[in-house]
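Visitor: I am new to this structure and would like to be shown around. Please put it up first.

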Amino acid sequence: MIKIAISTDEAKIWKGDALLFLLTEETCKDYNDSRIKTLVERGDFKGKAGSVTRVPLFDSPAKNLYLAGLGKNEKQNVNLPGVLTSALRKIGKERNQSVFIILNNDGFSKEESVILGEAAGLCGYSFDKYKKKEDGDGDGDDAFALKEIFVRSFDADVAQKGAAFASGQCIARDLANEPGNVINPPILAEIAEGFARERNITCEVWDEKRLAEEKMGALLAVGQGSETPPRLIHLTYKPKGAPRKKVVFVGKGLTFDSGGLDLKSGEFMKTMKGDKSGACNVLGILDGASALGLGLEIHGILAAAENMPSGHALRPDDIIRARNGKTIEIDNTDAEGRLVLADALCLASELKPDAIIDTATLTGACAVALGSWTAGLFASDDKLAESLLSSSRKRGERLWRLPMDDEKIGESLKSKFADLINSGSRYGGATFAAMFLAEFVEKGIPWAHLDIAGVDFMKDDSGVWARGASAFGVRLCLDYLTDL
Ligand code: BES
Ligand code: MN
Ligand code: ZN
């Protein structure tokens, strides 16, 4: 945990490792500091969004001066989460143990303090437990060193809120980054049980026998080809007093998605250990909610299975029955996420909550539509959609709403031999999947679906994101809950 504290020192005399000035393209121009003036005059720093410049210092107690650009004035709030996190990441990697941050010649406002807490919690994240410890030879691969952040002023309470958002996201990343040989559905269930025991959360796990008794035919079908059977994991967080509202989070938990008999090609199978990200996110959200002691009843339903080809595997043409009695013809065994979510959404609806939010690495089509930095939002309720979009903007996790009312796609959900078919045309694939899910949500319950297929796995560190699993959506969902 990085500490955040206040320093009233002048930057020039502050005794620590690094000074970090966050400046916009406008504010850097007439900044009241001779060193910064010179750098700007020479054109070495222009305040461009995301640029970070280091100047080693020899004439002051601090060792390094960093300048980070926030872009144009009017964009500075949008850019702050990413710029601050990547500047702190760089500072920590360059062996600075302490930093004094000056934001436009000032301290941090209330909303900026949430971001400060988040950035402090996210900047040191890396998934390196399987790597040999770094040797400290200064080749740029050294262990992250940052331990203390100083600012002129900030709101400690809301910074703590931001830190809880970040910590939930890091927990989700740690799980999602584990490979399929380490986490399978029964192991995920054990992890969830341990997770609940450490918090004021209850956890119920349904094994394959119970799943059959509970008519979870779709989840069972997806898991039947694997050596490790599926699990339904139901966690419940209840506040001390009477809850203001009840919200259910549902997560797709494919501990590995090979595609099944409709086997993926190698190129697309790689990173499919991350197909459990939605479920891991739900654990991260519950972690944050319980750490903050939110006055809400929050359920987490994780649908865990491994999608494998074998003599037991689900076949194309098979017809299966979901928990609500609807039959589904299998067109493609690789469209398995919507199947495990179907049963989980039925269960979520039975809890009669005020809202259901599912998060799932559901469709390549969503990734093609929106790219690697924006997740798809589908919602049955405009108010819920607006709240999530507003949280998304505040937290720097980009969401874009996609349609769920396409009548032609709706018609194409119908099978000739069953109530529904699990896949259709390649066109509109993300909408097809969302409209399929809607068949399992009770009408009248506000429901939102986050398709995080494009954003769940990052090639490199960038802004608030670290290489590997992103746990995209954890902070925005927690932000939504705290405002509820
Ligand atoms: N897990 C995949 C979706 C995915 C793709 C996640 C890329 C992350 C990155 C999902 O189960 C899947 O395979 N979807 C298919 C559906 C198709 C067969 C209808 C897809 O999107 O190709
Ligand atoms: Mn698949
Ligand atoms: Zn999948």
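Visitor: What spacing do the donors of the manganese ion (ligand 2) follow along the chain?

Guide: This is a predicted model, in which local features need pLDDT of at least 70, side-chain atom pairs count only at pLDDT 80 or more, and totals for chains, interfaces and linings use all residues; side-chain values use heavy atoms, with hydrogens and water left out. Residues are numbered from 1 along each chain as its sequence is written, while chains are lettered from A and ligands numbered from 1 in the order in which they are written. Donors are N, O and S atoms within 2.8 Å of the metal (3.2 Å for Na, K and Ca), and sites may look incomplete since water is not among the atoms. The protein donors of the manganese ion (ligand 2) are D257 (OD), D334 (O), D334 (OD) and E336 (OE), at 2.1 to 2.2 Å, and their spacing is D-x76-D-x1-E.

Visitor: Which arrangement do the six donor atoms around the zinc ion (ligand 3) make?

Guide: The zinc ion (ligand 3) is coordinated by K252 (NZ), D257 (OD), D275 (OD) and E336 (OE) at 2.0 to 2.4 Å. Six donors count as octahedral if opposite donors are over 155 degrees apart and all others between 65 and 115. Because the angles at the zinc ion (ligand 3) run from 77 to 174°, its arrangement is octahedral.

Visitor: How far apart do the zinc ion (ligand 3) and the manganese ion (ligand 2) lie?

Guide: One residue, D257, bridges the two ions. The distance from the zinc ion (ligand 3) to the manganese ion (ligand 2) is 3.2 Å.

Visitor: Is D334 buried, partly exposed or exposed?

Guide: Buried means under 20% relative accessible area, exposed over 50%, and partly exposed in between (1.4 Å probe, protein chains only). E336 has 1% and is therefore buried, and D257, at 3%, is buried as well. D334 has 22% relative accessibility, so D334 is partly exposed.

Visitor: Which residues touch the most other members of the largest nonpolar core?

Guide: A nonpolar core is a set of buried Ala, Val, Leu, Ile, Met, Phe, Trp, Tyr and Cys residues joined through side-chain atoms within 4.5 Å. The largest one has 61 residues and draws at least three from each of domain 1 (3–154) and domain 2 (162–482), with bounds from an automatic or database domain assignment. The members that touch the most others are L235, F249, I298, I357, L388, L399 and L481.

Terms used. Four donors count as tetrahedral if all angles lie between 85 and 135 degrees; four count as square planar and six as octahedral if opposite donors are over 155 degrees apart and all others between 65 and 115; anything else is irregular.
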